[in-house]
Amino acid sequence: MVQQPSPSISTRKKPKQARATELVAAILEAAVQVLATEGARRFTTTRVAEKAGVSVGSLYQYFPNKAALLFRLQSDEWRQTGGLLRTILEDGRQPPLDRLRRLVHTFIRSECEEAAVRVALNDAAPLYRDAPEAHEARASGERTVRAFLGDALPGATQAVRDLAGDLMMTTLSAAGKDFSGSPRTDAEIEAYADAMADMFCAYLASLGHQALPARFDITPPPAPSA
């Protein structure tokens, strides 16, 4: 069976002048609005162009198809999430578990605030998830998490840190998506994020204890016999 080539997800050209930059910004803003209200299945370049108040031809100057436009929105979301990861997890002024707790709270709140767009982007993922650009975009976040766990678990093996990173980020992503599927109050968001942060911090603390060398074992020695 011959596989059909996936549509191009690269932009046709980058805006160089202020007017062109404003045009692309208007298109992207309209795309977010259409995606949030219509969902991925009803998302079309025609609807986006109408919402932005531009011609479809003007849109096609920068985005050759809806896959390219959706991928740009997803790339912007990945870039925002990656920046969030780096800003919080690389803050060496804070202890690792404090950084992790802050990350969980910020991520869960962000998921709830942008739930409609994120759900629609997940629905559109088959259009671009296997593209080289998609793999490259995700790699940056994985490197950030690996560096953080090297700081948080210096005595653990790389295999243990890799497993911890995969478990935490997969759980955070899946749980955040599920939790944000319904409207949430501030109190609900705080309580949920607190519980998840407690769980992750306890997990890392447990791994850190297991990785301690024998000479640092904090278990008290048995009491001398009478």
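The following legends describe close-up views of a predicted model.

Local features require pLDDT of at least 70 and side-chain atom pairs count only at pLDDT 80 or more, whereas totals for chains, interfaces and linings use all residues. Residues are numbered from 1 along each chain as its sequence is written, and side-chain values use heavy atoms, with hydrogens and water left out.

**View 1. Overall composition of the protein, with 9 helices and 0 strands.** Helices (H or I, at least four residues) and strands (E, at least two) are DSSP runs numbered from the N terminus. The order of elements from the N terminus is α-α-α-α-α-α-α-α-α. Of the 226 residues, 37% count as buried; buried denotes under 20% relative accessible area, exposed over 50%, and partly exposed in between (1.4 Å probe, protein chains only). Among contacts (heavy atoms within 4.5 Å) with a separation of 6 or more, 71% join residues 24 or more positions apart.

**View 2. The largest nonpolar core, comprising 29 residues.** A nonpolar core is a set of buried Ala, Val, Leu, Ile, Met, Phe, Trp, Tyr and Cys residues joined through side-chain atoms within 4.5 Å. Leu35, Phe43, Val48, Phe63 and Leu69 have the most contacts inside this core. Two or more residues are contributed by each of H1 (18-38), H2 (45-52), H4 (66-89) and H6 (115-124). H1 supplies the largest share, 8 residues. A second, separate core of 27 residues includes Cys112, Met196, Leu204 and Leu207.

View 3. Thr45, Val48, Ala49 and Ala52 are the buried residues of H2. Seen down the helix axis, these residues fall within an arc of 100° and so line one face of H2; the arc is that of the directions from the helix axis to the C-beta atoms. Their cover includes H1, H3 (56-60) and H4. Glu50 and Lys51 are exposed on the face turned away from the buried side. Gly53, which follows H2, has a positive phi near 75°.

**View 4. Packing of helix H8 (158-179) against helix H9 (186-210).** The angle between H8 and H9 is about 170°, and their axes lie 12 Å apart. Axes are lines fitted to C-alpha atoms, for helices over the stretch in contact, with angles from 0 to 180 degrees between N-to-C directions. The two helices are therefore roughly antiparallel, a term for angles over 145 degrees. Residues of H8 that take part include Leu167, Met168 and Phe179, and those of H9 include Tyr192, Phe200 and Leu207.

Definitions and conventions. Parallel < 35°, antiparallel > 145°, perpendicular 65-115°, else oblique.
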